[in-house]
Amino acid sequence: MLPKDRLFRGYGPLIGFAAIFLAVAVLVPSQQREVRTVEGAGAASRRAATAGPEAEVAGAEEEAVATDPVAGDPAAAGIDPAAGGAGGSTGPGGAGAAAGGGGGGGTKGPPALAGCGPAQVPGDPYAPPCITFSGNNGGATGRGVTGDTITVAVRIQGFSNGILDAVSKVAGATIPDENADVIVRTVNGLTEYFNKRFQFYGRKLKLVVYNGKGDVLKETTGGGQEGAQADALKVAQEIQAFADVSAVTPVYADALASKQVVNVGAPFVSREWLSQRRPFSWSPFPDCSTVVESVASYYATKLYGSPAALAGGDLRGRPRQAAIIAPENSWYQECVNAGIGILQKAGRAGELALTTKYQLDIPRMSSQADTTLRQLKDRGITTVVCGCDPLFLTFLTAKAKEQGYFPEWVITGVAFVDNDLIGQILQRDAWSRAFGVSFAGPTQPAGTGLGYRAYKSVRTDEPSIGVELLYNQLDLLAIGIQMAGPALTPQSFEKGMFDYPRRTGPSGTWGFGPGDYATAEDAREVFWNPAAGSALNRQPGAYQDPNAGARFPIGRWPAAPPRSAAG
Amino acid sequence: MERITASPAGRWGLATVALLAAWAVAAAVLPNGAPPGEVLAGAILGSATGLTAVGLILIWRASRVINFANGAMAGLAGLVAVHLFLSWGWPYPVTLVVAPLLGLGVGALVEFTVVRRFADAPRLVLTVATIGVAQVLGGVELLIPERVFGARGLVLGAYDTPLSSLSFEVGPALITGNHLLCVAVVPVVVAVLGWFLRRSLAGTAVRAAAENTERARLLGIPVRRLTTTVWAIAGALAALTFVLQAPFLGASPSAAAGPAVLLPALAAAIVARMEKLTVAFAAAVVLGVVQELVRWNADTPALVDVVVLVVILVALLTDRAAKSRAHDADGGWRDADLVRALDPAVAALRSVRAARAAGLVVLVAAAVLVPLWLAPGDAFSVSVVAVWAMVAVSLVVLTGWAGQISLGQFAIVGVGAIVAGNLLTRWNVDLFVTLFVATAAGALVAVLLGVPALRIRGPFLAVVTLAFAVVLDGYVLNPNVFPELIPESLTRPLLWGRVDLADERAMLWCCLAALALVIALARGVRRSRSGRLLIAARDNRKAAEAAAVPTRWATLSGFVFSGAIAGLAGGLHVLLLQGVRAGSYQPVMSVEVFSGATIGGLGSLGGASVGAALLRGGQDLDATIRLVGAGVGVLVVLWVLPAGLAGLAARARDAVARRLATRAGPATAAPGDDTPAIPSPEVGPVPTGPPAFVGEVPAGDWRPPVPALAARGVDVSYGQLQVLFGVDLEVGDGEVVALLGTNGAGKSTLLRAVAGLSPCRGEVSLRGERIDDLSPERIVRSGVALMPGGRALFPTLTVADHLRLATWTFRTDTSRIRDDLEDVDRLFPVLRERRNQLAGDLSGGEQQQLALACTLLLRPSVLLIDELSLGLSPLVVAALCDVVRRLNETGMTIVVVEQSVNVALTLAGRAVFMEKGQVRFEGPTQDLLERPDLLRSVFLAGDTAGNGDHTAGNGDGRADTADPDRPVVPIDLRELPPSAPAGGDGPVLVVEDLTKRFGGVEALSHVDLRVEPGEIVGLIGQNGAGKTTLLDCISGFHRSDHGRILLRGTDVTEWAPFERARGRLGRTFQEARLFPSLTVLETLAVACERTVENRSLVADATRQPASYLAEAVTLRRAAELVRLLGLGRYEHTPTSALSTGTRRIVELGCLLAEDPVVMLLDEPSAGVAQKETEALGPLLRRIRDHTGAALVVIEHDMPLLAGLCGRLVAMELGQVLVEGPPADVLAHPAVVAAYLGTDAAAIHRSGTAFST
């Protein structure tokens, strides 16, 4: 047999297949859809948003948002909520017209909105301006929205097996045995509250609680993306939800955003991260960009240029040398870099002697803390700014005590570190030199929070221990829906949130705007007092406020020196 | 320098100097230097890691498993001890003692409750079981602080102890008494353990049990108890590590720790090749320092993982090959269970074919239709499951077939995903081209990881891949390190401009199609040459190379294929996730998919993919499964189904197929029923009553004496295969009974059953006391000792170690030990000279003597000897026969399995002859000679009978001469295709001045040998004379130190074994292991390697004509050989299920398939029944006549050699003693004195000359 015959006889089908394969690849190649970059409002976006069939719709709507006032928007409709009583009314171009067909629902007739006071819920410091509504709400204005309902998804394990649970266990908090039913009951109760008290323009929140495939604990370390994607698909395409209020992990929030579902909950991600997922991702926690701006200005204002008066041992009174420690995650590092930039811009980065990272890997945290602490000692660090999670801080403070090293610890208010329960598990001697920034409000005794009160206003039984977290998640959504007006879309939601007037309450000041998708607009100063009793659990150890509860806008700290329990 | 490196102290000194120099360089070069405080801190951390490494090695050596539960064992016991101090205020020193004690308990408990249950399971299964154990213990650990001690929080930071006040500073590090305690205690513990393993009797027993469990049990060593002890020690070590570190490192729950946390310890263990504790400890200390310096100097924490990976790779790449043949053994690693294919005869039934076709149709229909009903989220999840199934298929190739473990398969998936993601997002490359490139990328990574791991046999790929998985997750997919590399977001493309993959259903179809393609390709590989070679290389590297198989390349091609599948899976996975992000490919995913595939059954494509799919899908279905899926659930599933789901499915399949086969009629063999069948009715049961040789006794008056040993109605099955059928055997007190029979009759199995190694039904009693329910150890203590044939030693233990071990049952009786060892020295003087030599380096005869010596040290009252003369020179056989006779004279009862009736005649007055699992004759040995119906060649007789009377097969083209109840089919080599001419005029083989040294010993000394075409040369010589070493040098398995080898005029001295085999040099081996997992047909097909026309994996996978046409030729040739050699009954039987003699026949077939010009035969009659041996000589001559090949034959059967060879070469002490015509050589006084001796039976092991 000739070599040629042999070749074709031996590999004929393969050659044929390869030829077809190549021909197909050349003649009918698979096509990528148009790749567009969605610029965040006011923030640079480097994430290429894609334009699938859904994205095309969204893009079109986005264009509309950019050019036209959102129908139903109280401000756009000429309503002055602050005026109280009857305000103007929407014109013919209002909600119903803008929203187009889709199901009708609500009352008949043209939509009419009017202001009715400064607060939708009297006594609720975060309540949006009061609005009354009548007429047609436009029906199905978007996915998950009908004339009567707004579908909201809740992945139950986001709360039952989620961060709250993990942190509680780590913190050693005594929590009652709660099963998912308690959480479902609490969420339903809160939903009932918001449906009753907020203006949803003839619609009701329709909660769909589902048991997801995702693993929340895996997602907190960046894994579990398969499950998160599957859950996001379920929310977007099966439940057809407008929003999800259980996006307590960045992985799940990211998946929901990619499916264009409004989501609430991503904790401590960066402003860029949220902007890249606009208008979908929102957070009741401060974004880490805000955190670093606040902490950087705190350092620049109150600490820079003065000796480390609150440090202990040999370090006390030495010229300040500061170190920043943060997890290796990309968004945390973005924030760290931003913080350093702020200090440099202010000409106050001179004391920054060390910036170091650690991996969010629980088994290796102790050895990482070991090395980190020696680095701190070696560089003569007097002041540690640790944007760390509670576990790493546990190891680090204990290691500091073991090594007889007592620097100042600047509290950054991330990852619940400014919660009394967490403070109580940190090494007492070391953490008694902790002071800094907290975005949370003063610790409130159990049963006095807004969430608890809201729940009890509609139900008589006891809610979940996590009622405040659940309330904040839902509150954010409810604010956005009310502020969006009758024509509810993710874009009108964003616009509504931007129009939400800043409100201050026990959790600080909330406000949103272009590039700002998280709540915190101000912070307060705290220090750790190991001897003080906590209002949370009556155990020794609590954060105290040297300024009697005063909150300060981001970047505007009074120059008075900080205090610490260790003196 | 050579003098320095010769001694351990010199080597350690040199290493210390090198490390100091490295420190100096590091201090000068690194940006933040290498301050002493950091080095010290690293050394302290490293020493603790070293203790973990030691624990891992201990478990490896005891159970051949990587213990992923090590951290959890530490956590459970250590945490309790820490809380006793912190919460309950116990004195610190007390808790330091309590921790290892608790660890002992935890370790023992784990062994007793879990490990022991998996004693007979493949090691892969036990490996996965340890992951489950880790989950269970981790869960318990979580409860301890609060439930037991009322403590808050699970995480403990560093804390003060009474030793904390003792402190001094070294640079930034404050060294406290806690650090010093760690530094002080750990080396002592390691030294004590090192001593324990190397010097103590129990430690030696542990090493022995790890190498050869059965033999250890036969020496009375309580293997189970020892294994429990080792696990207990490992638990104590783990707890000690925990409690020593806790004061300065704190503690975190082990439940959160994946297998990656063991990586530094595993790296250290690898440096020590899972053997030397001190080396592992030193490596861990150095690694600890390196890690600390990297952390100190680098900005990226994950760089530490990169360093660990580099250390592992360098350790593997710089590791030298084993220095002696003692380390050639695989150490008892058991791979995935075999799931045997359906018997072809059954598979060919119309009903079975119809059922298969229907099944396929249902599957395809389901794949097409089910997605239509699925919701998008569910469709997505099923797509993910399909991708996981693809990864499981890649694991079947890598682990199930190539025998290598990957704990980082998802990292290769990640590489494929990164490549595909970048191609799609950056360059908008066509999807299929993208998937192709991703596939290639996966293959490339697999090769890069596989090459270093392939250098040494062991679990090293598992560690390399695990390290790679950690690096990919923490470093490569780190946006701070490679921000541009990570395609975080992509859109699914439109396929052919119209199929929108954004639709989850379309994506699912795409994934299912890819899965189907992958399974089809893998099936293509398994069913053709590539798959065969992969398994052959795994099962028996030497035999494969001798068959011209380039084993490294074969295994590497398996890596390539496996990596390619994983890469393709990555290409699809990135489409599913629509991007790759940090955390997309966490190491735990690799462990989960491995667990799933193991649950499914790594020997089966379907089983593994279903297992992985179920594990992944189960996690999606239910939160409880998600929590326990990789832990408790896995443990429970494996407990119930140790062979995995595939085993269960195979059992169900066989049951159904058996029913179908029964319905189809007797022509069809039942599946699994391919070893000795139920005997034909005419054989009938063995008559009861007095044996024939006691003479006429009235039946009513006869009262049999209580026999020393009695077996009644013994049935033995191996799995579904019944081997013994109601065997009865009685041996009187002080009697010697020869157990004879055809090959595969069940003689060895009967002895194993008596010794307690093979579970049996029926009754076995010793002097009237039942012993069939006793363990082998207790049977030994009751006075029954078995000297097994074949693997009777522990290759890496010295002769002295063996003799010490044999005294285990009376280890406290020093005077008896002294006396017995003196007896051994008298009986076996050669063993005294070899006292410090490794058993694996002894010659065959010396090994046999050592085995017998060990057995005799047990002072049995009943001695069972399996193959006394196997592989021994006449002089040694004579000596051993003499020993047996003398033992018998002392009153010892002896049962000896012997192939040679001639030898048996001189030993035993009574013989028992077995055939097909039943006793066919019992009476005076001499009478057996009058029974040609029994004493006949089953396989080869036709050849001795001449060439006539060629009976056809059984009608279906398959001869069935293995069945003694059927007509014998003679072997007619004329039916074989003519051999290729040898070419050339001169000698086909020339060995010039060949010298080979092992250590300082010259095994071969300036040997010259010339072999002419067609010549048959016999090699004789005392055991240890260098005969096998000469063959090993000629065939390339040993590199000669001097001299050269010419094959057909070409210098092949530097050629690899497979290259020499391709140059037509054939080789058989003493032990005839063949390829245990391959069937006879496949084994013969492997032997056709030299002449196969297609060697392309791609062609095999895609079933190209080049593959199936070549395959048809190969299989036709193999089938022809099966028919000619009368192996039809065994055609589809794995060779592991064959008796030694049957394997010899297969081995001969392999030689015929290889068609060499020179055949090197190493004891071809070893383990072959005498009548087969008598038929062997003429057959070999005819093979020579037919092929024209020259034969070099090592043999101890003189009649066989004398009748076969034209020339004999006698060797002594590595040199040629004398050569010439057989008669002259055998009459040479030096040969008689050094080799033959004067025992006629030992010399005339076969033939009728002696007996007549």
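Predicted model: local features only at pLDDT ≥ 70, side-chain atom pairs only at ≥ 80, totals over all residues.
Where chain A meets chain B, the contact draws 70 residues from chain A and 68 residues from chain B. On the chain B side, helix α16 (residues 376-401) gives the most, with five residues.

**The A–B contact**
- Sorted by class, the side of chain B that touches chain A has 37 nonpolar residues, along with 22 polar and nine charged ones.

**Domains in chain A**
- Chain A splits into domain 1 (110-286 + 447-491) and domain 2 (289-444 + 520-553).
- Going by C-alpha atoms, the centres of domain 1 and domain 2 of chain A sit 31 Å apart.
- Where these two domains touch, domain 1 of chain A puts in 16 residues and domain 2 of chain A puts in 20 residues.
- On the domain 1 side of that contact, α5 (163-171) and α10 (271-276) of chain A are the elements giving two or more residues.

**Confidence in chain A**
- Chain A has a mean pLDDT of 79, with 81% of its residues at 70 or more.
- Strand β7 (residues 243-244) of chain A has the highest confidence, at a mean of 95, while strand β2 (residues 48-50) of chain A has the lowest, at 32.
- Residues 35-106 of chain A have pLDDT below 50, and this stretch has 172 contacts in the model beyond near neighbours in sequence.
- Residues 170-175 of chain A also stay under 50, with 19 contacts beyond four places in sequence.

Conventions. Residues numbered from 1 in each chain as written. Chains lettered and ligands numbered in written order. pLDDT = per-residue confidence, 0-100. Helix = DSSP H or I, 4+ residues; strand = E, 2+ residues; numbered from the N terminus. Contact = placed C-beta atoms within 7 Å. Domains from an automatic or database assignment. Nonpolar A, V, L, I, M, F, W, Y, C, P; charged D, E, K, R; others polar.
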